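Work through the exercises below with the model open. Try each task before reading its solution.

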Amino acid sequence: MNQYEVTFVVDPVLSGDEIKSTAQTYIDLITKEGAEIVFTDEMGLKQLAYPIKKRTTGVYYCIEYKVPNGEMISKMELAFRRDERIMRFLTVRLDKFGVKYNEDKRNGLIGKKRADKKSKDAAKETARKAAPVKKQAPKPVQKVAAAAAAPVVAAAAAKSEEE
Amino acid sequence: MASRDDIKFLSNPNIGSQRKKYCRFRKYGIRHIDYKDPDFLLQFINEQGKVLPRRITGNSLKYQRKVATAVKRARHLAILPYVADLLK
C-alpha cells in the first residue's frame, strides 16, 4: 500500500464550476481505480512563476491517496495529458516522512516555528494569568522584587551607555 | 586595576572568526522537504533561481539532494521559476 500525491494546475480561464468539476473528475477517476483518498487540498488560485500557455495564474489542486499498486497512475497521467484544462501535473510517491509531514500539516503543526512560538507564548500568557490568581498573597512581594530589580536594570543601562 | 570588562579593542575581535555552518535539516530534525512551499525553498536558491551550493547552505549531502529534487519539482509546477532576475 503506497501513498501517492498528485498535484495539478487547472486552467484559470474556466468558470469556477468547471474548475471544480475538472478536479472532481480526477477525484472520481482515482477512487474508481480502487484508491483510497486521504486528503484533497484545494490550494486555490496562485500566481505562476512563469507563463504557461499564455496564462499567468493557475488553480492548484493536490490529492493525496493510497493505492495497493501503482498501475492506475499511468492511466491517470494519460488522462491528464489528454486534458486541455490541465496545465501541469506531478505525481509523487510519499515516503513515511512525507506522509507524516502531510498529516502534521493538516493538523496545523507545520509552519512549525511560528506555531510553536505562538503556542509557547499562549502557554506563558495563560501561566501569567493563572499565576496572580493563585498567588494573591505574595503579590506585594513580587512588586517589591520588581522594584528592586528595576534600579539594577536602570543602572545596567546607564553603564552600557557610558561604555 | 581595570577589570576584564573594561578592556576595549580597536577592532572587533569577532570579525575574523567564522561561524560554523550546520545542516539545518539534521539540526532541527526536518525529514521531508515540501516542494509546494516556495517560501521555504527560496532559502536554497539564489537571485537567479539557481540552487545554492552546499558550500554556502551548509546542508548535508543527503538533504542537499532532497532540496535539489524539491526545487526541481517546484519548478515544473511553476511554483518556482526556472530562470529569474532579482528573485529576492
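**Exercise 1.** Which residue just after α4(B) takes a positive phi?

Solution. The model is predicted: local features need pLDDT of at least 70, side-chain atom pairs count only at pLDDT 80 or more, and totals for chains, interfaces and linings use all residues. Residues are numbered from 1 along each chain as its sequence is written, while chains are lettered from A and ligands numbered from 1 in the order in which they are written. Helices (H or I, at least four residues) and strands (E, at least two) are DSSP runs, numbered from the N terminus. Go to the residues just after α4(B): B:Ala78 has a positive phi of about 60°.

**Exercise 2.** Find the buried side of α4(B).

Solution. Start with length. α4(B) has 16 residues and spans 23 Å from its first C-alpha to its last. That is close to the expected 22 Å, where the expected span is 1.5 Å times one less than the number of residues.

Next, burial. A residue is buried if 20 or more other C-beta atoms lie within 10 Å of its own, exposed if 12 or fewer, and partly exposed in between, with C-beta atoms placed from the backbone. B:Tyr63, B:Val67, B:Ala70, B:Val71 and B:Ala74 are the buried residues of α4(B). They sit on the same side of α4(B) because they cover an arc of only 100° around the axis. The arc is taken from the directions from the helix axis to the C-beta atoms.

Then turn to the opposite face. The exposed residues B:Leu61, B:Lys62 and B:Arg65 lie on the face turned away from the buried side.

Last, the cover. It includes α1 (24–28) and α2 (38–41) of chain B.

**Exercise 3.** How many residues does each chain bring to the contact?

Solution. Chain A brings 13 residues and chain B twelve. On the side of chain A, β2(A) gives the most, with four residues.

Definitions and conventions. Two residues are in contact if their C-beta atoms, placed from the backbone, lie within 7 Å.
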